[in-house]
Amino acid sequence: MHILSTNQFTKSEVDAILLRSGEMEKSLRDPKTATLLSGKIVASIFFEPSTRTRLSFETAAIRLGADIISAENAMGNSSAFKGETIEDTARMLSCYSDAIVMRHPTFGSVEKAASVTKTPIINAGDGANQHPSQGLLDLYTILKEEGRLENLTIGFVGDILNSRTLRSLVPLLILYPNNKFYFVSPKELVLAKEYREYLKKNNVNFEEKNNLEDILPKLDVLYMTRVQKERFLNIAEYEKVKDSFILKINDVKKLKDTAIILHPLPRVNEIDHEIDSDKRAAYFRQAQNGLYVRMSLLLTVFDL
Ligand code: NCD
């Protein structure tokens, strides 16, 4: 089984992944956990920069007893540099490994890789399309912090156009009843037209805004995003919008006491550092949860 998009999951599959993530968190250092994937080899190949996703997937594999083969900076250090196609690279990795974790800058490329091999591939981010393990770790974090996945008001802020983490989290949250979304961005970074259509077709309850002020008190989850510099063709366009939304301590004062602030990280300057010590700042806890959720996903692709 490949994991390419969060759209592929039913609610019961998502619930099972979340449950398993909780078990992984509890049993992280149990000797039995360290044998669950013994004898397996996981290939991790990243054609785009990463800190959390790559290192937590690799840690997850090691914690489960698997071995890792890894190509970081694969655009320059793998045969992609010589012009090899993503399909041929996938064919080769499937000769050596039992599962592949892949990140690539091109929308749809990981699906292409998956089309030529039965070795499970996990999409670790493909352009502005999908980042399913991030969506699931975001969901796990919301459940842990808020105690529920329904009746939530979620505000996504920043680069609504290019955020693959948004595109992975929204399909998961709409599996649960009565969730409402606000998408807050400068006018240059609003939802892509086709994505707006997709949301409407799926009866998603959402509003688009270009101002944060009036929605802050309504939110249960404030999800900040980085303006995705690498997706801009023109650096002047990036400079124009990069500081559109910077969360300040005064904004946080307007949030509910029970709200949480998420960010997939890395942050550039979207969140003032003095907010880090507020109990509602959940982004580092969120990143830590990535380890448990990625352990759960590795077990899932091995049908364990
Ligand atoms: C995100 C990504 O790569 O899409 N990072 C991550 O995996 N935690 C968000 C980002 O890079 O802004």
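This briefing walks through the ligand site, a few helices and loops, and the aromatic pairs of the structure above. The model is predicted, so to speak of local features takes a pLDDT of at least 70 and side-chain atom pairs count only at pLDDT 80 or more, while totals for chains, interfaces and linings use all residues. Residues are numbered from 1 along each chain as its sequence is written, and side-chain values use heavy atoms, with hydrogens and water left out.

**Ligand site**

- The ligand is surrounded by T53, R103, H131, Q134, R164, T165, R226, Q228, P264, L265 and P266; a residue makes this list if one of its heavy atoms lies within 4 Å of the ligand.
- Polar contacts here are pairs of N or O atoms within 3.5 Å; within protein, one must be able to donate a hydrogen and the other to accept it, and residues adjacent in sequence count only if both atoms are side-chain atoms.
- From the side chain of T53, an N or O atom sits 3.0 Å from a ligand oxygen.
- R164 has a side-chain N or O atom 2.8 Å from an oxygen of the ligand, and a polar side-chain atom of R226 also lies 2.8 Å from a ligand oxygen.
- On its own the ligand exposes 310 Å², and the protein buries 94% of that; accessible areas come from the Shrake-Rupley method with a 1.4 Å probe, and for residues only the protein chains shown count as cover.

**Helix 7**

- Helices (H or I, at least four residues) and strands (E, at least two) are DSSP runs, numbered from the N terminus.
- Helix 7 covers residues 164-173, and ten of its ten residues are buried, among them R164 and T165.
- Buried means under 20% relative accessible area, exposed over 50%, and partly exposed in between (1.4 Å probe, protein chains only).

**The loop between strand 9 and helix 11**

- H263 sits in the loop between strand 9 (260-262) and helix 11 (283-301), and counts as buried because its relative accessibility is 1%.
- The side chain of H263 reaches the backbone nitrogen of L265 at 2.8 Å.
- From L265 to P266 the peptide bond is cis, with omega near 5°; P266 belongs to the loop between strand 9 and helix 11.

**Two asparagines with positive phi**

- N151 has phi near 55°, a positive value in a residue other than glycine, and lies in the loop between helix 6 (132-146) and strand 5 (153-157).
- With 41% relative accessibility, N151 is partly exposed.
- N178 has phi near 65°, again positive in a residue other than glycine, and is placed in the loop between helix 7 and strand 6 (180-184).
- N178 is exposed, given a relative accessible area of 59%.

**Aromatic pairs**

- The structure holds eight aromatic pairs; rings of Phe, Tyr and Trp (its six-membered ring) pair if their centres lie within 6.5 Å, with planes under 30 degrees apart counted as stacked, over 60 as edge-to-face and the rest as tilted.
- One of the pairs is F232 with Y238, edge-to-face at 5.5 Å centre to centre and 70° between the planes; both residues are buried.
- Y283 and F284 are another edge-to-face pair, with 5.2 Å between centres and 65° between the planes.
- Y283 counts as buried at 1% relative accessibility, whereas F284 is partly exposed at 46%.
- F156, F181, F183, F206 and Y223 form one aromatic cluster.
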